Amino acid sequence: MSARKILIVDDELSVRQSLREWFLEDGWAVTTAENGNAALQLMDDGPYDIVLLDLKMPGMDGITVQKRIRELDKDACVIILTAFASVETAVEALKLGAFDYVTKPVDPDDLSNLVRNALRQRELTEENVRLKEKVSELAQASPIVGDSPKMQRVFEMIRTVAETDSTVVIRGESGTGKELIARSIHAQSKRRFFPIVAVNAGSIPESLLESELFGHEKGAFTGAQYRRKGKIELAHGGTLLLDEIGDVTPKMQIDLLRVLETKRFTRLGGNQEIVSDFRLVCATHKNLEQLVEAGTFREDLYYRINVFSIEVPPLRERADDIMPLARFFVAKYARAMGKPERAVSPEAERLLVQYRWPGNVRELENAIERAMVIGSGETIHSDDLPLHVENGGAVEPVARSLAAVEKEHITRVLDDLDGNVSQAAKVLGIDRATLYNKIKRYGVRRGQ
Amino acid sequence: MTPPVYLAFLNGYAPPWQDVVAGGVREALARPVRAVPVQVDLAPAYAREREQYHATLILAALLRQVPEPGARILGITPFDLYIPVLTFVFGQSQLDGTGAVVSTHRLRPEYYGLPPDEGLTVERTIKEAVHELGHAFGLVHCPEYGCVMHASTYVEEVDLKGASYCGACLEELHVRRASAH
């Protein structure tokens with residue numbers, strides 16, 4: 001473990017030297033500054049666990065320095081050193097958030113206890129942040145339901161890879177539960193007592209993603225009022241889940257590659273190198289090999305992340321899991337809504353199993369949630385299911401004529417728009433006359 | 001040949017137990033130890049308003065008297081020591097350096113209003129000497145309560161710990177000694 005860092009700010013050389021020696025003997029990494037400006041410059045370069053700050057200094061006084069320190073690092077743990085005469089100012093410093101103050105000369109035992117308590121508080125604060133992450137992670141955690149042979153193979157792969165520290169790519173269509181798989185890997189790994197930090201690269205613009213991943217220093221860009229740790233730094237000791245890795249821009253791909261190779265990075269606007277020991281788990285619904293082929297995804301990054309690959313099968317390929325999943329979601333929403341659990345009628349079950357579920361488990365969950373909201377009685381019937389499921393969107397065979405698909409689509413659009421032909425024509429991108437012709441030709445009736 | 005550690009009894013301080021302390025330090029460090037009288041100018045280190053001596057200034061004066069290269073020197077004085085920001089120190093050392101200084105002033109039971117106990121004073125002096133010399137050989141404070149390198153900010157803590165290094169500190173000493181060669 002690296003030494004804890006302390007910054008000693010005092011204009012008297014003898015005080016700086018004495019405290020330096022004292023803390024060096026205690027195994028601290030000690031830095032000293034003779035005035036406020038020097039202290040702020042040092043704080044700007046990196047955080048300190050504890051700052052020992054003299055109140056009376058020429059130039060910028062201790063109170064101003066303390067305010068500026070907290071602007072740079074709002075979690076900074078500042079202990080005020082003061083002469084007896086300026087205790088009132090020390091009280092003001094406490095109001096501004098200083099941990100405590102001591103009057104010079106200080107009893108060695110008092111100083112020792114004070115620093116120990118300050119450090120303890122800082123550790124508790126850090127631990128609290130970690131535990132909050134953990135609690136929110138546990139609150140979000142949901143078991144993976146799947147008895148099908150394909151899912152059993154996925155579980156086996158999770159167990160195998162969880163024991164290693166290898167980078168993992170989880171592939172699968174949207175809604176297949178890639179994030180759940182990533183959380184399961186983390187939960188079974190030796191890193192489980194540290195956070196899993198998730199970032200969705202697909203939903204964030206490049207400029208924001210950079211700051212999200214690497215963090216930023218105060219003033220790094222407009223609006224950066226405080227130093228902020230990035231997700232990579234927060235994932236120290238744990239797992240970084242990078243969702244939609246296939247959507248990362250070329251520039252970010254280079255930055256990511258560098259971090260993966262060195263585990264070192266700097267915050268935006270900063271120059272201090274930060275080390276983060278994290279395990280990377282990526283998820284994507286895209287075909288990375290095709291992206292590499294097309295030149296939009298770096299080959300070197302591909303090889304760096306594709307150490308272990310887990311393919312999550314779409315729900316239509318594991319029909320055995322549909323009903324266990326449906327029953328799991330019925331129980332989940334019954335609990336959440338304070339309702340009794342409901343059975344699924346044989347007809348509804350047939351529809352659920354035959355539907356192709358293009359939105360995968362997420363779509364199934366939404367369908368069950370909807371059925372639990374709108375349905376009444378002890379059983380979920382077919383008409384409690386969303387229209388496209390109820391209509392047997394999946395009952396239709398894949399090999400269908402274009403005319404059949406067109407008829408179904410026109411029917412759905414008309415139903416959605418309460419039979420308004422003018423609006424339906426606009427949505428479909430054809431004129432009203434053409435739509436009337438098609439309605440006539442296909443014999444479309446509302447609610448068909 | 002291993003350079004010796006000099007126990008420098010300062011400015012005529014000549015307690016009858018000098019050899020006992022030298023023996024204790026020798027046993028802990030497994031190095032040759034010699035007790036010698038040394039004269040330094042203490043006047044610049046004296047702070048009249050505190051009635052104490054500035055440990056760092058004594059140490060600086062002592063370092064000018066190191067008899068041979070590679071040797072370590074530990075000053076032992078009966079005077080109360082301080083460093084500017086602290087009310088007192090039992091001793092001070094150059095971390096991974098050449099010299100250290102220890103005061104017996106607050107190690108004597110009489111300082112706390114208790115009856116004199118020469119045996120206890122000697123035992124505490126050995127512990128503080130071994131502790132400060134540990135710093136001079138590059139050791140930092142040890143979390144092990146019984147280890148002589150455990151930090152002691154009051155005398156009861158000195159009594160709690162032993163006069164020898166724990167396994168981890170001994171290992172560190174050996175590594176440092178080997179790398180110095």
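Guide: Start with a term: two strands pair if DSSP finds at least two bridges between them. Strands (E, at least two residues) and helices (H or I, at least four) are DSSP runs, numbered from the N terminus. This is a predicted model, in which local features need pLDDT of at least 70 and side-chain atom pairs count only at pLDDT 80 or more, while totals for chains, interfaces and linings use all residues. Residues are numbered from 1 along each chain as its sequence is written, and chains are lettered from A and ligands numbered from 1 in the order in which they are written.

Visitor: Which element of chain A has the highest mean pLDDT?
Guide: pLDDT is the predictor's confidence in each residue, from 0 to 100. Chain A averages 86, and 94% of its residues score at least 70. Among its elements, helix H16 (residues 387-390) has the lowest mean, 68. The highest, 96, belongs to strand S6 (residues 168-171) of chain A.

Visitor: Which residue of S13(A) is the bridge partner of A:Leu240?
Guide: Strand S10 (residues 239-243) of chain A runs parallel to S13(A), joined by 5 bridges. In S13(A), the partner of A:Leu240 is A:Leu280.

Visitor: And which residue of S13(A) is the bridge partner of A:Ile170?
Guide: S6(A) also runs parallel to S13(A), through 4 bridges. There, A:Ile170 has as its partner A:Ala283.

Visitor: How many of the 6 residues of S13(A) are buried?
Guide: Buried means 20 or more other C-beta atoms, placed from the backbone, within 10 Å of a residue's own; 12 or fewer is exposed, and in between is partly exposed. A:Arg279, A:Val281 and A:Ala283 point one way from S13(A), A:Leu280, A:Cys282 and A:Thr284 the other way, and all are buried. Strand S13 (residues 279-284) is therefore largely enclosed by the rest of the structure, and its buried count is 6 of the 6.

Visitor: Which strands of the chain B sheet stand at the edges?
Guide: The sheet is open, with 5 strands in the order S2-S1-S5-S8-S7 and mixed pairing. Each edge strand has a single partner strand, so one side of each lacks a neighbour in the sheet; the two are S2 (33-38) and S7 (91-93) of chain B.

Visitor: Which residue of S2(B) stands opposite B:Leu7?
Guide: Strand S1 (residues 5-10) of chain B pairs with S2(B) in the parallel sense over 6 bridges. Opposite B:Leu7 stands B:Ala35.

Visitor: Is B:Gln18 buried or partly exposed?
Guide: B:Gln18 lies in helix H1 of chain B. Leaving aside neighbours within four places in sequence, its contacts (C-beta atoms, placed from the backbone, within 7 Å) are B:Phe9 and B:Ala35. Because 18 other C-beta atoms lie within 10 Å, B:Gln18 is partly exposed.

Visitor: How many charged residues are on the side of chain B that touches chain A?
Guide: 17 residues of chain B are in contact with 19 residues of chain A. Ala, Val, Leu, Ile, Met, Phe, Trp, Tyr, Cys and Pro count as nonpolar, Asp, Glu, Lys and Arg as charged, and the others, Gly among them, as polar. The chain B side has 10 nonpolar and 7 polar residues, and charged residues number none.

Visitor: Which residues touch the most other members of the largest nonpolar core?
Guide: A nonpolar core is a set of buried Ala, Val, Leu, Ile, Met, Phe, Trp, Tyr and Cys residues joined through C-beta atoms within 7 Å. The largest has 84 residues, and those touching the most other members are A:Val51, B:Leu7, B:Val25 and B:Leu74.

Key: Contact = placed C-beta atoms within 7 Å.
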